[in-house]
2 protein chains.
Amino acid sequence: MDKINVALCQMKTIADKEENLKRAEEMIIDAAIHGAQIVVLPEMFNTPYDIRAFGGYAEGEVGPTCQMLARAAKQNNVVVVGGSIPERDEEYIYNTSFVYDQQGLRIAKYRKKYLFDVEIPGELTFRESRVLSHGAKSIVFTAYGHKFGLAICFDIRFPEYIQKLSKKGAEAIIMPASFNTTTGPAHWEILGRARAVDNQCYMVMVATSPDANNNYQSHGHSMVVDPWGEICTSADVDETMLLWTMDFTKVTEIRARLPLLGIRAERKKDKV
Amino acid sequence: MDKINVALCQMKTIADKEENLKRAEEMIIDAAIHGAQIVVLPEMFNTPYDIRAFGGYAEGEVGPTCQMLARAAKQNNVVVVGGSIPERDEEYIYNTSFVYDQQGLRIAKYRKKYLFDVEIPGELTFRESRVLSHGAKSIVFTAYGHKFGLAICFDIRFPEYIQKLSKKGAEAIIMPASFNTTTGPAHWEILGRARAVDNQCYMVMVATSPDANNNYQSHGHSMVVDPWGEICTSADVDETMLLWTMDFTKVTEIRARLPLLGIRAERKKDKV
């Protein structure tokens, strides 16, 4: 099918984990009722975005968060991209996105490769790498006959990662995220649009909604960008759900107009 | 020195080659009078931007265009980035940028790597690769104690090329260009700002001013973008000269805040 409905769930995340899971499931149900075929949650949706919290909220794939995601996918007959959660694997914690299909089967698992380390004096210091380990593999999954690449937040700053996904055939990049009020206004939109233009693909960028009780204030502004770099739909900061119909003929058409991916592959052979 | 004045000469290019050279030299002189230390001309500044014209306007490094550039650099005590010209080398023609220092010595020569091939039905068809050969090397030169990377127009669509320049130490990318009225409004600004943000460097983007007599209509809009992605100064479409003082302490400061280049190098070692 050429057209696929995607839902972007811009949810608040609070200190109460059970409430976060309940809210996420409600949003998935609501998205399915409104015709969504793929439902996307934001980054670290079961925990406040805080390096001191991640350890306590971390679970393995058998934990209650993944159980909820699998159940919600199956019961609502949708593909669920479970934003990301702190995933515990032995002594390590990762920032991981789990994807479930309409049968509730896990079809992809992506561990954030580029951890968010920033130090802006007087404004913001955040070092994910103090508590998290990074993944190493780029992940593309197939749904409804199309290929979707997974990226998480800070990954978007590395064009080489997004290029790997498009080289593997991704026609849309699904990106759970949580930019902040310093880097968000400066870079969120530019980066999303530029990655769409460079890779001639859809960008589906799903952020948390900020909550005044959290230390880290999310920028929100979830959005879909089309393969020509146009913003199709975007949110403000409040909790909300966006729905958009991605038309994959646009990807084919734009890649034919400007054969960037072919030229890129051709020049890479030069090796100079 | 931390601060360097750059001049962006957004000149018209017409069918009369001698007039183009005269106009370029006048703009270099004017820029020097106004305190410029580096003067940048646009892409293919001695010829109309037309694949049927390039062969007739092409010259080698000993031709009148490079002679003018060398003389103007020396007489005005400035570094001149001679936009680009069709360069003849035996049976090949390249889209080449020559750079001369204050002594009139050629300090860099860059042949456009990514040739502009586009086919937008009903709007625009252009195939540089029909008449031009592509270069293969990334080029960085040093002036006033700082490193400058060279890119030409369509090269900006390939983040891997701009990354090579920043990896080689470029703190500013000098880019003679000639986007058009289809791709310009859609992508010129996004691409310039995103490359600045990704590489935490200045982007100096110098376009031709459109001329109604030409087949190919340039987008104009020359601009300087700072390493945080902010547009410092920008032109409209008319012939004009922009002057900007680049402050290289900004590059160092922003690279310390968000250590993108270090993280990029670190993750590349993963090789997965």
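Modeller: In this predicted model, two rings of Phe, Tyr or Trp count as a pair if their centres lie within 6.5 Å. By that rule, the structure holds 30 aromatic pairs over all chains.

Colleague: Why is the pair of Tyr49(A) and Phe126(A) called stacked?

Modeller: The centres of Tyr49(A) and Phe126(A) are 4.7 Å apart, with 0 degrees between the planes. Planes under 30 degrees apart count as stacked, so the term applies.

Colleague: What makes this pair a tie between parts of chain A?

Modeller: Tyr49(A) belongs to the loop between β2 (38-40) and α2 (51-57), whereas Phe126(A) belongs to strand β8 (residues 124-127); the pair therefore ties together parts that are 77 residues apart in sequence.

Colleague: How do you know whether Tyr49(A) is buried or exposed?

Modeller: Its relative accessible area is 7%, and buried means under 20%. Tyr49(A) is therefore buried. Phe126(A), at 8%, is buried as well.

Colleague: Why is the pair of Tyr202(A) and Phe248(A) given the name edge-to-face?

Modeller: The ring centres of Tyr202(A) and Phe248(A) are 5.8 Å apart and the planes stand at 65 degrees. Because planes over 60 degrees apart count as edge-to-face, the pair receives that name. Tyr202(A) is buried at 2% relative accessibility, and Phe248(A) is buried at 2%.

Colleague: What makes Arg111(B) a charge over the face of Tyr94(B)?

Modeller: Arg111(B) lies 3.8 Å from the ring centre of Tyr94(B). The distance limit is 6 Å, and the position must also be within 35 degrees of the ring normal. Arg111(B) is placed over the face of Tyr94(B).

Notes: Residues numbered from 1 in each chain as written. Chains lettered and ligands numbered in written order. Predicted model: local features only at pLDDT ≥ 70, side-chain atom pairs only at ≥ 80, totals over all residues. Heavy atoms only, no water. Phe/Tyr/Trp six-rings, centres within 6.5 Å; stacked < 30°, edge-to-face > 60°. Helix = DSSP H or I, 4+ residues; strand = E, 2+ residues; numbered from the N terminus. Buried < 20%, exposed > 50% of the residue type's maximum accessible area, 1.4 Å probe, protein only.
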